[in-house]
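The following paragraphs lead the reader through a model of several chains. They begin with a ligand and its surroundings and then turn to the places where chains meet.

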Amino acid sequence: MSVFGMSRTIMRNLFSGPATRLYPTREKEPHRAARSRGRIEIDIEACIFCSACAKRCPTDAIIVSKTDKEWNIDRLRCCTCNACVEVCPKKCLAMGNRYTPPTVTKDKDIFRQPPRPPKEPETIPGA
Amino acid sequence: MGTRTVIPFGPQHPVLPEPIHLDLVLEDEKVVEAIPKIGYVHRGFEKLVEKMDFNELVYVADRICGICAFIHSMAYCQGVEAVMSVEVPPRAEFLRTIWSELARLSSHLLWLGLMADAFGFESLFMQSFRIREKIVDMLEEMTGGRIILGVCRVGGVRRDVPNDALADIVRRVKDLGVEMHRLADVFLQDDSVKHRLVGVGVLIRDQAAELGCVGPMLRASGVSRDTRTLGYAAYGSVDFAPIVEKDGDSYARCAVRIRELFQSVDLVAQAASKIPGGEVGVKVSGYPEGEYHSRCEQPRGEVIHYVKGDGTRYLQRYRVRTPTFANIPALLRMLQGCELADVPVLVLTIDPCISCTER
Amino acid sequence: MNPREHQTIEEIPAAALLERVQKMRSEGWRLVHAACTRLVADQEVNYCFDRDGQSLDSPDSATLRGMHTLRVRLPMIDPELPSISSFYWPAFLYENEMHDLFGITVKGMAVDFHGHLYTTMVPTPYVTKEPDHGD
Ligand code: SF4
Ligand code: SF4
């Protein structure tokens, strides 16, 4: 008897706009999900290379090198669990709400702290 | 008696979203026997307890399944909390309840969509997913994750949701209820849908109980058993009754899941109205020693997380019995004697989640 | 909040398994799950049963009793068990799993996959591979 239930829905859909977005031309408005776990951002200036984040990371995505003042992350390993953000003593890690763009190579994102002027402890470079 | 043919069905099959493999023994168009083979996506993750300490394992538990992720992590956390005698703050319990119910909504809507797809009703599939997308968006707003929420931890939850945001979620879920009613009408009243579902794969009450079915499969056959009535998390403080249908066919299973959609909407509203204030997590120290079988009701049925610790950082044994594992014997029984064309529909009515079954 | 489930464990010898399981069945318990655990020098098999008050005849009874576990201890080398699938047919899946992952010979399974339920690179990985905590 009832084949019209669906026809009504179809008619309504005909006159309302599409439910999907034309990604990547139109991205989802970020304000809708300020909490989204997108990807890890680092303020490399503030990092003290203590390796706490690397130790805590369940997927071993972070590698920290104190000697080279280098912090790198394998975005494809990272499961955006937020554990590193919670553990960082300097609060220099943050969870950004934008996703890593699609990629075709398995590169690491490498962040290097610019060398500070030696022997002048008074001049602290601006963040 | 016709000649017997054996056809392999799966693991990659156009209609199956999940890699289950069945050897179907056919006599003309009738299936006489079905032999399952699981293990195609066996990941051996229970072995992973040896590499990850019990706190890190939550992230793994969250990723056992791509649909009922949250309830897996919650069941795991409940298991460890029971072993360590940790009392979770009430607000965290309520948040867990709300998220489980939203996860159930998203899972049932996914199932409805896939079901529509299995009997060839493509636009109904799109409708289900359109509604589901909004649920997933809400989860993202509250927790940061869409499917894998990653908010559970041993001792509570990792994120709080302010009360006014919860009220907003409740309002939006209730609005979605109207759209779900339209969807439900099509599923339950449309002749072309009924034609594919009514009387297909009947399991009577005793059979369903005998075969160890769980979840909507069992309730569609008239057995009123729902793990949520045990009152874990905040289910003891909200008011609900298991949803039961009598007929035990594919249509009844569909009806159970559709009625559970509205039940979940109601439970989200109830939990949000009763949620107490306070902390959302306690600090956990020490290592688990002891064992516990933690049970939760997933969208697919009862899940068991067995946790055994020996007082070290690493658990001694972690075992997950997923609802699909318990429903496979029933599937094999249902397949005996059915038409070949009904096999995809029958496989889907158990709401298979093979990847988490094989762990 | 809600009190936790009351879970009891009863350790029995392997020889008494069938008899106990039959009794459980006649008392109306359902098999929840069965699983093995590798201990240090031996292994144990747990069969969990549940009869939750809402069982078949009394859908609205609210008395929840929790779970009961029958536990059998087995040696690490050549463990053997009788199958309970004559009492609980669905148990064959658990028993095949025990066979494939833990190397337990289960006699008389309702459906025997002969080690082809799980295909793993290392046979019976849960017992042959020592626990390795990595770091
Ligand atoms: S925990 Fe923070 S300060 Fe330490 S290495 Fe990681 S990012 Fe740097
Ligand atoms: S978010 Fe999690 S997985 Fe990703 S880098 Fe941080 S700790 Fe590792």
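Ligand 1 is surrounded by 13 residues, and the closest are A:Cys47, A:Cys50, A:Ser51, A:Cys53 and A:Cys88; a residue is counted here if one of its heavy atoms lies within 4 Å of the molecule. By class, this shell holds 11 nonpolar residues, 1 polar residue and 1 charged residue. In this grouping Ala, Val, Leu, Ile, Met, Phe, Trp, Tyr, Cys and Pro are nonpolar, Asp, Glu, Lys and Arg are charged, and the others, Gly among them, are polar.

The model is predicted: local features need pLDDT of at least 70 and side-chain atom pairs count only at pLDDT 80 or more, whereas totals for chains, interfaces and linings use all residues. Residues are numbered from 1 along each chain as its sequence is written, chains are lettered from A and ligands numbered from 1 in the order in which they are written, and side-chain values use heavy atoms, with hydrogens and water left out.

Consider next the interface of chain A and chain B. The contact (heavy atoms within 4.5 Å) takes 26 residues from chain A and 31 residues from chain B. About 2300 Å² is buried between these two chains, with carbon and sulfur atoms giving 39% of that area; buried area is the accessible area (1.4 Å probe) that two parts lose on being put together, summed over both. The rule finds 1 salt bridge across this interface, the term standing for a side-chain nitrogen of Lys or Arg within 4 Å of a carboxyl oxygen of Asp or Glu. A:Glu86 and B:Arg158 meet in a salt bridge through their side chains, at 3.0 Å from N to O. On the side of chain A that touches chain B, α1 (4-15) and α3 (83-87) of chain A each supply at least two residues, and α1(A) gives the most, with 5 residues.

The interface of chain C and chain B remains. Here the contact takes 53 residues from chain C and 56 residues from chain B. The buried area is about 4600 Å², and carbon and sulfur atoms give 51% of it. Across this interface the rule finds 5 salt bridges. The side chains of B:Glu291 and C:Arg71 form a salt bridge, at 2.5 Å from N to O. Among the elements of chain C that each supply at least two residues to the side touching chain B are β1 (7-12), β2 (30-38) and α2 (91-102). The largest share of that side, 8 residues, comes from β2(C). By class, the side of chain C that touches chain B comprises 25 nonpolar, 13 polar and 15 charged residues.

Conventions. Helix = DSSP H or I, 4+ residues; strand = E, 2+ residues; numbered from the N terminus.
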